[in-house]
Amino acid sequence: MTRRSAIELNDLALVTDIGTYGPGDVVPEAHLLDLVLAIDPSLVLIARDGMAHVFDYDPLIAEIDRLARDGHYQTQERLMTRIAGACARHPEIEGVEIRLRKSPVLAGSGSLGVRLVLDGEGLAALR
């Protein structure tokens, strides 16, 4: 029997400063984060209710917010790398998919982003 579980976060608007823009450049109004955390199903299929039986993602979200506000980033990739490192510090996370995108891109429309997928080996390399 195959069992998989994930915690999913979508469309989290980060307060961050990414990029360098000149006159006439489109400056993004938002940087949005999607995050999928692969975790052991035993942290989802629980016999009793209570935080002691699940993965508490609130500290990770607080760390991501801190990283986003941590100063100027030239690239989305650097912030994404730091978010991946924050995820790797949680042994409960067995894999991660991170998508960071900005919008608008042109004429008030579109979004442009970067996606990173790390399995257990990829997270182990960051640990």
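## A nonpolar surface patch

In this predicted model, four residues make up a nonpolar patch on the surface: Val-26, Val-105, Leu-106 and Leu-112. Together they have about 320 Å² of accessible area.

Leu-106 sits in the loop between strand S5 (93-103) and strand S6 (112-118). Its relative accessible area is 60%. Exposed means over 50%, so Leu-106 counts as exposed.

## The S5-S6 loop

The loop that holds Leu-106 also holds Pro-104 and Ala-107. The peptide bond from Ser-103 to Pro-104 is cis. Its omega is near -5°.

Ala-107 has a positive phi, near 50°, and is not a glycine. Ala-107 is also exposed, with a relative accessible area of 75%. Most residues other than glycine have a negative phi, and most peptide bonds are trans.

Asp-11 lies in strand S1. Asp-11 is not a glycine, yet its phi is positive, at about 60°. Is Asp-11 buried, partly exposed or exposed? Its relative accessibility is 47%.

## The nonpolar core

Nonpolar side chains tend to be buried together in soluble globular proteins. Here, the largest nonpolar core has 27 residues. Those with the most contacts inside this core are Leu-35, Leu-37, Leu-60, Leu-79, Cys-87, Val-96 and Ile-98. Several elements each give two or more residues to the core: strand S1 (5-14), strand S3 (30-39), helix H1 (58-68), helix H2 (76-88), S5 and S6. The largest share comes from H2, with seven residues.

What does Leu-35 touch, leaving out residues up to four places away in sequence? Its contacts are Ile-7, Glu-8, Leu-9, Leu-60, Ile-64, Cys-87, Val-96, Glu-97 and Ile-98. Among them, Leu-60, Cys-87, Val-96 and Ile-98 are also listed with the most contacts inside the core.

## The buried face of helix H1

Which residues of H1 are buried? They are Leu-60, Ile-64, Leu-67 and Ala-68. Seen down the helix axis, the buried residues of H1 fall within an arc of 100°. They therefore line one face of the helix.

Strands and a helix cover these buried residues. The cover includes S1, strand S2 (17-18), S3, strand S4 (72-73), H2 and S5.

Definitions and conventions. Residues numbered from 1 in each chain as written. Predicted model: local features only at pLDDT ≥ 70, side-chain atom pairs only at ≥ 80, totals over all residues. Heavy atoms only, no water. Patch = residues over 30% accessible without salt bridge, like charges linked within 9 Å, V, L, I, M, F, W, Y side chains within 5 Å. Areas by Shrake-Rupley, 256 points an atom, 1.4 Å probe, with all protein chains shown as cover. Salt bridge = Lys/Arg side-chain N within 4 Å of Asp/Glu carboxyl O. Helix = DSSP H or I, 4+ residues; strand = E, 2+ residues; numbered from the N terminus. Buried < 20%, exposed > 50% of the residue type's maximum accessible area, 1.4 Å probe, protein only. Core = buried A, V, L, I, M, F, W, Y, C linked by side-chain atoms within 4.5 Å. Contact = heavy atoms within 4.5 Å. Arc of directions from axis to C-beta.
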